[in-house]
Amino acid sequence: MGFPAQRPRRLRRTGAIRALVRETSLSAGDLIHPMFVRPGRRVRQEISSMPGQFNLSVDEAVADAQEARSLGVPAVILFGIPPSKDAKASGAWDAHGVVQEATAAIRKDVEGMLVIADVCLCEYTDHGHCGVVQGDEILNDPTLELLAKTAVSQARAGADIVAPSDMMDGRVAAIRKGLDAAGFDQVPILSYAAKYASAFYGPFREAAQSTPKFGDRRSHQMDPANVREALKEVRLDIEEGADMVMVKPALPYLDVIHRVRRSVDVPVAAYHVSGEYAMLVAAAQNGWIDRERAVLESLVAIRRAGADLIVTYFAKETARLLAR
Ligand code: PBG
């Protein structure tokens with residue numbers, strides 16, 4: 001039954017046939033648009049290591065979210081750059097913090113847009129770590145209370161979904177308990193369940209000004225060499241009440257996305273991170289790759305690996321490309 005009876009090229013001859021037999025779809029509806037919100041008005045500051053991405057004041061964030069929505073992108077995920085930082089990350093759980101204000105404004109002004117609030121302390125601590133620090137140690141359990149407080153204040157501001165990215169043990173349970181006690185039992189948790197200690201977060205740390213002042217994140221983020229451990233993290237988070245799970249980064253971890261997709265029955269998201277964005281943009285700027293094709297190929301590969309949803313800085317651009 002081989003050649004010449006089998007000629008796989010028959011199904012590749014025209015665009016119409018290729019589209020008919022295509023196994024994986026990519027649409028604007030699968031994408032989540034990340035935004036960095038800072039204080040002020042009319043501020044639109046380009047991030048130097050992420051050309052085309054900006055730090056935005058709340059008014060500009062609303063306009064940006066409006067644009068994403070009109071392109072068919074269903075959700076944004078918000079990160080905050082507070083006016084000041086301290087050891088307790090007060091800006092993370094401030095009722096009038098940047099993310100809280102942006103959440104309320106987007107919910108009010110952008111019809112149908114889902115707001116996901118990233119829950120972490122690293123953008124709000126003066127030392128840049130994801131938790132309460134003692135000496136050179138990041139303390140797990142004292143951090144949980146602050147994370148829960150942060151998630152509750154975000155829900156109070158109107159967040160549709162909260163997304164803990166800190167990688168402390170037990171944070172999903174702590175956040176679920178906090179949300180339920182405050183009357184937010186309907187707010188889902190998207191947990192960054194398998195988040196690796198990755199070099200690809202470099203540009204994000206410039207954008208969020210969250211580079212740790214000392215040490216690194218390897219005591220809580222995962223070792224890139226591990227995949228069994230990712231399945232364990234995912235299982236624990238679901239047991240603690242995660243409604244959706246995320247793998248991060250995306251392209252260097254397609255096997256992890258695939259394994260997670262096969263092992264759970266909740267929606268799986270993947271985060272196509274800042275360094276992945278920066279690499280593509282830089283190569284395209286040099287004329288070394290075709291930007292549009294490389295973007296679409298990357299995102300379809302992440303979908304093919306098993307991600308239902310993709311957080312990507314290319315969300316708006318991709319929505320535009322797909323609409324052509
Ligand atoms: C916060 C957080 C990070 C990212 C998302 N949430 C940075 C980090 O862990 O240092 C990275 C996202 C990206 O690189 O695009 N902890």
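The radius of gyration here is taken over C-alpha atoms, and the globule rule is 2.2 Å times the number of residues to the power 0.38.

**Figure 1. Overall dimensions of the protein chain in a predicted model.** For 324 residues, the rule puts a compact globule near 20 Å. The protein chain has a radius of gyration of 20 Å, which agrees. Its C-alpha trace spans about 70 × 45 × 40 Å along the principal axes.

**Figure 2. Secondary structure, burial and contacts of the protein chain.** The chain holds 12 helices and 12 strands. Of its 324 residues, 53% are buried. Take the contacts between residues at least 6 apart in sequence: 74% of them join residues at least 24 apart.

**Figure 3. Crossing of helices α2 and α4.** Helix α2 covers residues 58-70, and helix α4 covers residues 98-109. Their axes come within 9 Å. The crossing angle is roughly 45°. The crossing of α2 past α4 is right-handed.

**Figure 4. Residues in the contact of α2 with α4.** From α2, the contact draws on Val-58, Ala-61, Val-62, Ala-65 and Gln-66. From α4 come Val-98, Glu-101, Ala-102, Ala-105, Ile-106 and Asp-109. Sorted by class, the contact has eight nonpolar residues, one polar residue and two charged residues.

Methods
Residues are numbered from 1 along each chain as its sequence is written. This is a predicted model: local features need pLDDT of at least 70, side-chain atom pairs count only at pLDDT 80 or more; totals for chains, interfaces and linings use all residues. Side-chain values use heavy atoms; hydrogens and water are left out. Axes are lines fitted to C-alpha atoms, for helices over the stretch in contact, and angles run from 0 to 180 degrees between N-to-C directions. Helices (H or I, at least four residues) and strands (E, at least two) are DSSP runs, numbered from the N terminus. A crossing is left-handed if the near helix is turned anticlockwise from the far one by less than a right angle, and right-handed if clockwise. Contact means heavy atoms within 4.5 Å. Ala, Val, Leu, Ile, Met, Phe, Trp, Tyr, Cys and Pro count as nonpolar, Asp, Glu, Lys and Arg as charged, and the others, Gly among them, as polar. Buried means under 20% relative accessible area, exposed over 50%, partly exposed in between (1.4 Å probe, protein chains only).
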